[in-house]
Structure formats: structure tokens, C-alpha cells
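This report describes selected local features of a protein structure. Please consult the sequence and the coordinates shown here while reading.

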Protein chains: 2
Amino acid sequence: MPRPALLKGNAVIGQSGGPTAVINESLVGVVEGIRQRLVARGAVKKVYGMRHGVNGLVKNEIVDLTRLRPSVLNGIARTPSAALGSSRDKPDRDYCNAILNACSTHNIRYFFYIGGNDSSDTCRIVSELAAEAGYDLCSIHVPKTVDNDLLENDHTPGYPSAARFVATAFMADGLDNASLPGIKINVVMGRHAGFLTAASALAREASPQRKRRGSGGIGYQGETGPHLIYLPEVPFDSERFIADVEAVYSRIGRCQIAVSEGIQDSGGRPIAATLVESLERDPHGNIQLSGVSALGDALANLVKKRIRTSTGKAPRVRADTFGYLQRCWPDRSPVDAREARAAGKFAAALAAQGERCASVALVRAKGRAYKAAFKRIDVSAIAAKTRHMPPEFIDGHNNVTQAFIDYCRPLVGPLPVMTRL
Amino acid sequence: MPRPALLKGNAVIGQSGGPTAVINESLVGVVEGIRQRLVARGAVKKVYGMRHGVNGLVKNEIVDLTRLRPSVLNGIARTPSAALGSSRDKPDRDYCNAILNACSTHNIRYFFYIGGNDSSDTCRIVSELAAEAGYDLCSIHVPKTVDNDLLENDHTPGYPSAARFVATAFMADGLDNASLPGIKINVVMGRHAGFLTAASALAREASPQRKRRGSGGIGYQGETGPHLIYLPEVPFDSERFIADVEAVYSRIGRCQIAVSEGIQDSGGRPIAATLVESLERDPHGNIQLSGVSALGDALANLVKKRIRTSTGKAPRVRADTFGYLQRCWPDRSPVDAREARAAGKFAAALAAQGERCASVALVRAKGRAYKAAFKRIDVSAIAAKTRHMPPEFIDGHNNVTQAFIDYCRPLVGPLPVMTRL
């Protein structure tokens with residue numbers, strides 16, 4: 001097949017949305033891919049980075065990445081959080097016109113944007129405006145999100161490392177809770193999708209005690225937590241929650257609970273909003289769920305009021321909200337680090353094949369051994385859409401299925417081994 | 001020197017108070033020490049473990065550790081949290097009489113208790129009651145606490161691993177905060193002593209940007225956080241806090257803040273109590289500070305109300321409370337793991353030297369290279385007393401000194417390397 005004629009000019013790369021532990025792997029993957037496939041063929045001269053996403057691009061805050069040495073690139077790749085800086089801006093058409101103007105100013109012909117579904121939407125709008133204006137531009141989206149909520153993807157770079165943190169945290173916290181028994185609530189990130197909260201179930205798997213796994217909607221019956229898992233996909237009912245906790249607590253004298261920050265009632269109202277008064281909305285109009293701990297404390301207070309020990313006392317109840325450490329902890333999943341880098345390289349390869357607007361999707365090859373591959377998808381397939389936990393991953397109203405555990409286990413890498421007496 | 005005549009009977013070991021990442025190293029160290037020095041000499045027959053501290057001992061809930069295989073012992077040593085279970089009980093004389101009765105029932109002549117200053121007090125009372133009753137007993141305390149608040153010790157096993165978690169968390173969270181700039185408050189464990197909160201300063205040291213370190217009370221002036229550190233030893237003033245945050249925020253557009261859960265005003269009232277209404281007291285009459293996140297949220301709300309960006313908007317403000325992960329995270333300090341094991345062995349060695357009542361203290365050898373040693377101390381030297389950050393570790397009202405960093409750095413082991421653009 002003849003090689004396509006390539007656009008000639010410069011390239012720019014940006015990072016958007018909540019950072020992850022491996023978003024810099026994707027940045028470096030794009031840089032490496034551009035060097036190999038576009039700079040080497042004379043199509044690209046300069047490789048720029050946007051400071052704080054498209055916000056920096058329109059303000060002319062860009063850095064030259066063209067000559068960064070491999071040792072520096074590898075150092076950056078290993079470092080969590082967005083090295084270029086990130087942005088929460090969600091550009092409309094006017095904003096995207098400003099982006100296009102900035103591209104024109106710097107003769108940028110390759111626009112790479114690493115982010116979630118909002119970022120893929122930016123790629124789509126910028127590409128449409130460029131076509132309308134007759135400006136030749138290649139606009140490629142690279143997937144990233146700890147929430148794992150992009151359609152078309154088996155999973156999203158960033159999720160496995162966050163899932164690894166959550167699983168490790170539940171293992172260690174479960175032992176702490178067994179040492180000083182009580183009811184422990186841990187609030188996990190994930191506004192609309194429960195994948196990260198569900199990853200807490202790997203803490204059971206990694207334990208030597210892996211018997212009596214729940215199935216068929218009767219809930220998890222083992223000794224090793226989490227004993228209860230509440231996802232945003234399943235309507236949350238406070239009365240049923242109290243009954244669940246009471247059942248576990250009366251059986252084993254303690255209870256470890258995974259709660260998504262995004263749990264909502266049957267009317268779609270966030271529990272954080274119904275239980276807590278003062279909430280803040282972000283620039284997208286969403287209620288702020290991360291960076292406040294009110295949901296965990298409110299649930300703990302509810303349990304303290306309602307549940308009693310066999311001697312009539314209030315049980316020991318504690319709540320932790322794992323917060324931002326979930327997305328930046330440096331002990332990354334090796335699988336995630338590798339895939340995030342490869343996703344960036346694949347994006348550059350799409351550009352070198354003459355693509356004008358596309359996203360990269362991570363798919364899983366069929367077979368017993370875990371194997372991932374990449375494919376090209378339309379940005380419109382994921383732009384501004386949210387993927388949820390599928391029904392086959394959800395077991396009743398407070399657990400996940402073995403199918404979810406089989407899905408998630410290969411992603412997170414080896415978990416620490418913990419020995420019980 | 002002739003070997004002392006040894007008491008003959010059985011031994012028991014217990015774990016008490018908040019678990020740590022290395023408290024099982026000390027457990028295994030005591031078991032190994034007893035085997036080497038007391039079982040081998042025919043002084044000890046059975047080695048028991050108390051389930052949930054002295055609470056299990058008086059309820060006859062004990063386990064036989066005599067024949068545990070080395071592979072199992074090593075697995076337990078590597079596992080965070082108290083493998084035997086822990087207890088918050090603070091025994092009085094009546095309770096200690098019940099402990100002594102249990103010792104008599106099982107012909108226990110060696111009583112080892114791993115814990116903080118309350119546990120050393122238990123060792124003291126049990127030893128005194130035994131002497132009064134004419135019951136020959138050896139009672140040895142093994143130090144443990146993430147708070148690092150035991151007198152006579154350079155530092156306490158458990159602290160270095162918790163400090164490692166805090167330093168790593170501030171490094172990673174600092175990059176997250178640089179990606180999406182704002183004001184970030186992180187609440188760190190430590191009711192009365194600021195050592196763990198102070199360890200956040202290692203996040204600056206581990207970064208490539210280590211210039212412009214604060215000194216002489218003018219506060220820290222570098223780019224890499226934490227920019228402000230608030231310790232329980234320094235009276236906290238809300239107005240001064242707002243001025244501090246405003247100064248950093250107006251200079252660099254973001255601010256990472258380390259706050260001890262135990263900060264108090266000049267009258268000794270916990271800020272958590274003055275800012276927050278609903279607080280719970282633990283069985284010792286202390287206000288519950290861990291396992292609730294109200295302090296961080298209250299401080300964040302204060303900042304949101306009072307500070308404005310240059311364009312008059314409320315800045316991005318977030319708070320995380322690190323919670324129980326600080327004391328159970330499995331990525332331990334190698335120094336801490338080694339010393340915790342050695343502390344347990346040293347305790348058994350004291351018993352084998354004929355000691356009747358003592359504690360183990362960890363001291364640091366003078367010299368450039370870090371080197372620790374153990375010595376015997378009276379339990380009364382630490383029992384029910386609290387060590388605070390010494391003045392030479394505190395820089396002004398919102399920072400720590402280089403002397404503290406030099407003290408803490410060798411304890412935590414190698415921190416992850418993070419590269420900035």
C-alpha cells in the first residue's frame with residue numbers, strides 16, 4: 001500500500017482532565033511516535049506541549065518538546081500527574097475557534113489531546129471547525145481516565161493503576177479493621193461509573209482466604225473485606241444499607257464497606273447531596289464529590305445512630321475518603337504503564353497513516369491469557385458519553401461478580417502478599 | 001559473667017494500640033528472640049499470643065505460636081497491621097490483676113507487650129502487682145507508634161513507614177496540585193506530636209527542585225510543596241492561617257498545606273473541636289480525630305470563604321484526610337522493618353539477661369552515616385508520657401527546620417524519583 005501524503009507542519013500535545021499515574025506515559029508515547037513516524041519522514045518539525053491543556057494553547061503558553069533527551073522523557077513517563085499541566089476547560093465552538101487560531105499561528109497540523117470523553121469532544125469540534133475553515137489538521141484523541149468510563153474501550157489507561165491503589169488500600173485497611181474490629185467505610189472515586197469502587201473486590205482475591213465468594217445476588221459471604229460494595233449504577237437505599245451493615249456486623253463483628261462517591265438514590269439524586277448540605281459545583285455544573293469527605297462522614301454518622309453492638313453500645317465506626325492519592329500514587333500497574341505508552345504511540349501511528357480525526361481504543365484479545373490491542377475509533381463514538389459497569393459485573397445491590405474480578409485482575413499487576421495467623 | 005538464673009514457664013506476647021506497617025516485625029522478632037535465648041535454654045516451653053492484646057489474655061483467647069514455621073513467621077512479619085489483633089484497652093489495677101491471674105493460669109513468666117506509652121504503663125502496673133503478689137514475672141515493653149511520641153527514643157518503630165507514606169503522598173499530590181493548580185489541604189495523623197505531619201517536608205527534598213529552603217522563621221519559599229506545615233506543637237490561629245495561604249497562593253497560584261489532625265489554638269482547644277460540632281470521644285476520653293474528615297473540610301470551607309483569585313473568584317480548594325492508610329500501607333521503610341524486628345529481638349534478649357521490667361529504646365549513634373542501636377530503659381521513663389517535636393525541629397509557625405529533615409530523611413528509605421518538565 002502506498003504511503004499517504006502527510007500534512008507538513010508542527011505538532012502539539014496536551015493533557016486534560018484529572019491527571020493519572022500514567023498520563024505522562026501517553027505523553028511520552030505520542031512524542032516518541034511523532035519522532036519515529038512524522039519527524040523522521042519530514043512531516044513534522046516542531047513538537048510542542050500545551051501548558052494546562054487547550055487553556056495554555058490559546059494563551060500561547062506552549063513548550064518545545066522537540067529535543068528532549070530520552071533519559072528526560074523516560075523520567076517524565078515514570079512520574080505521575082500531568083507533566084504539561086492539565087485543565088478542566090470544556091471548550092465550546094468559540095473556544096475551539098481560538099484553539100484553531102492558535103494552531104494556525106504556530107503552523108500546527110497535528111493536534112493530540114490526552115483525556116477523557118470531554119477531551120475527545122474537543123478533538124471532534126476542533127476537527128469540524130478546521131474542515132469548515134479549510135485548514136488541514138489532524139486531530140487525535142488519546143484515552144485517559146481513572147474512572148474507566150470511555151465507551152468502546154475494554155478499559156482506559158489510568159484505570160488499572162488507580163484500581164491497583166484501591167485494591168492495595170482495601171487489603172491493608174482490611175487488616176487494620178481486623179486488628180481493631182469495627183465498621184469501616186471507604187469512599188472511592190468515580191462519579192458515574194463504579195469500576196474503581198468495584199476494584200476493591202480484588203482485596204479479597206489477593207488474600208489467602210478466598211472462599212465463600214458471593215454470587216446470585218445473595219452478597220459476599222467471606223471473612224476478608226470488602227464485605228459490601230455500593231456502586232453508582234445501583235440505586236442506593238439508606239435503610240437497605242443499614243440492614244446490610246447490620247447483617248455483616250452481627251455475623252463477624254466487623255464490616256468493611258466500599259462506597260462510590262457517586263452513589264445516588266432511585267431518583268438519580270446523589271446521596272452526597274441528600275445527606276450533606278454544603279456542596280460546590282465545578283465549571284461543568286457537576287457537584288464536587290472529590291476533595292470533600294462529607295459523604296463518608298455522613299454515612300458513618302448514620303451507622304453510629306442506627307446500629308448497636310450486642311451489649312447495646314454504638315459500634316466503632318470510621319470513614320476514610322481515599323481522595324486524590326487514588327489517581328497519583330506512584331506505585332503504578334506495570335500493565336497500565338505499558339499500555340498508556342503504547343496508546344500514545346498508536347495515536348501517532350494513526351496520524352502517520354493519514355487519519356484526520358480519530359480516537360484510540362484499547363481492546364482485549366480473546367483467550368485465556370490477558371492480551372491487549374489498539375484500534376482506531378471515531379471520536380463521536382465516545383465523545384461526551386459515559387460507559388457504566390455492565391450488568392454482568394454487578395451482583396445484587398452490594399457486590400460485584402466473579403466476571404468483574406476476572407476482568408479486572410490482570411490489569412492491576414501483582415498485589416502485595418499478606419499473611420494472616 | 002555468669003548467666004543469670006532464668007524464670008521457667010511460658011511466654012506471652014501481645015500487640016496494642018493503633019497497628020503499624022511493621023508491628024508484626026516486632027512480634028516475629030520477639031518470637032525469634034524467645035526461641036533463640038529462652039526456649040533453647042529450657043526456660044520457656046510455650047510461646048503464646050494474646051488475641052486483641054490484654055483483652056484476649058483475660059478472656060483466655062490466646063493462640064500457640066510455639067511451633068510456627070519460619071516461612072509463616074516471615075510472611076506475618078511482612079504483613080501490615082497487628083496479626084494477633086490489637087486493643088484500645090487501657091488497664092487499671094483491677095484489670096491488671098485479671099491479667100496477672102491469666103498469667104498464673106497459664107504459668108506465664110514472660111510478658112511481652114508491643115505498643116505505645118499506654119502499653120508501657122500496662123507493663124509497669126502488671127510488674128508491680130506481680131511483685132506485690134510474689135509472682136515471679138518478667139514484663140517487657142516493645143516500642144511501637146506511628147506518632148513517634150515515646151520519650152527516650154530517637155524514633156519509634158512504625159513511624160518511619162508512616163512517614164514514608166506521608167512523604168510519598170505529598171510528592172504525588174504536589175504534582176497533582178501543580179497539574180490542576182489550587183489550594184490543597186492534607187490532614188495527617190498525630191494527635192499530640194507533629195512528627196508525622198512534619199515528614200511531609202521530605203516531599204520537597206525528594207524533588208529535583210530543592211532550593212530556597214525556609215529558615216529563620218520566614219517560612220518555606222520553594223516551589224515544591226508542602227508550602228505550609230501546621231503542627232500540634234504550635235498554636236494555630238485561623239487568621240494567620242488565611243494570611244499564610246493567601247501569601248503563597250498570590251505568589252505561585254497554588255498552595256499545598258500539611259495540617260496535623262491535632263492542631264490546637266493557644267488555649268489548647270483542638271481546632272477540630274472549635275471548627276466542627278459533632279465529635280466523638282474514644283474510651284480514653286480523647287476526641288476522635290482519625291476516621292473523620294471534618295477538620296480538612298472545615299479548613300477548606302474557611303479558605304473558600306476568605307480567599308479570592310486575582311479575578312475575584314473563589315479559588316479551587318480541596319482537602320484530603322489521609323486516614324488509616326498512613327499506618328497500614330504495605331510499602332514499608334526498609335529501615336523501619338529491620339529496626340522493628342531488631343527491637344523485638346532485643347526485648348527477648350533483655351528477658352534472657354534476667355530483666356524483670358524494662359522497655360526497649362531506639363537510639364541513634366553519633367556520626368555522619370545513619371546507625372541505630374537499642375538500649376534498656378525503665379518503663380516509668382516513657383509510661384503515660386508524650387514526646388513532642390523539639391524546638392530545634394520547628395521553624396516559625398508554619399514550617400520545619402533542616403535539622404528535622406536531616407533527622408527524618410535516613411528513616412524512610414529511598415523515595416520515588418519524580419521528574420518535572
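A:S81 counts as buried because its relative accessibility is 1%; buried means under 20% relative accessible area, exposed over 50%, and partly exposed in between (1.4 Å probe, protein chains only). The residue lies in the loop between α3 (70-78) and α4 (93-105) of chain A, where helices (H or I, at least four residues) and strands (E, at least two) are DSSP runs, numbered from the N terminus. Although A:S81 is not a glycine, its phi is positive, at about 70 degrees.

The model is predicted: local features need pLDDT of at least 70, side-chain atom pairs count only at pLDDT 80 or more, and totals for chains, interfaces and linings use all residues. Residues are numbered from 1 along each chain as its sequence is written, chains are lettered from A and ligands numbered from 1 in the order in which they are written, and side-chain values use heavy atoms, with hydrogens and water left out.

A positive phi, of about 55 degrees, is also found at A:A384, which is not a glycine. A:A384 is placed in the loop between β11 (372-377) and β12 (394-395) of chain A.

| Peptide bond | Omega | Loop holding the proline |
|---|---|---|
| A:G225 to A:P226 | about 5 degrees | between α8 (202-205) and β7 (228-230) of chain A |
| B:G225 to B:P226 | near 5 degrees | between α8 (202-205) and β7 of chain B |

In chain B, 4 strands form an open sheet with parallel pairing, in the order β7-β8-β6-β9; two strands pair if DSSP finds at least two bridges between them. Strands β7 (228-230) and β9 (317-321) of chain B are the edges, each with a single partner strand, so one side of each has no neighbour in the sheet. From one strand to the next, the twist averages 15 degrees. Strand β6 (residues 183-188) of chain B runs parallel to β9(B) and is joined to it by 5 bridges. Within this pair, B:I185 has B:A319 of β9(B) as its bridge partner.

Helix α11 (residues 294-306) of chain B packs on the sheet and touches β6, β8 and β9 of chain B, contact meaning heavy atoms within 4.5 Å. The direction of helix α11 makes about 155 degrees with that of β6(B); axes are lines fitted to C-alpha atoms, for helices over the stretch in contact, and angles run from 0 to 180 degrees between N-to-C directions. Helix α9 (residues 238-252) of chain B lies across β6, β7 and β8 (255-260) of chain B, at about 160 degrees to β7(B).

B:T401 sits in the loop between β13 (399-400) and α14 (402-412) of chain B. With 16% relative accessibility, B:T401 counts as buried. Apart from neighbours within four places in sequence, B:T401 is in contact with B:E392, B:F393, B:I394 and B:D395.
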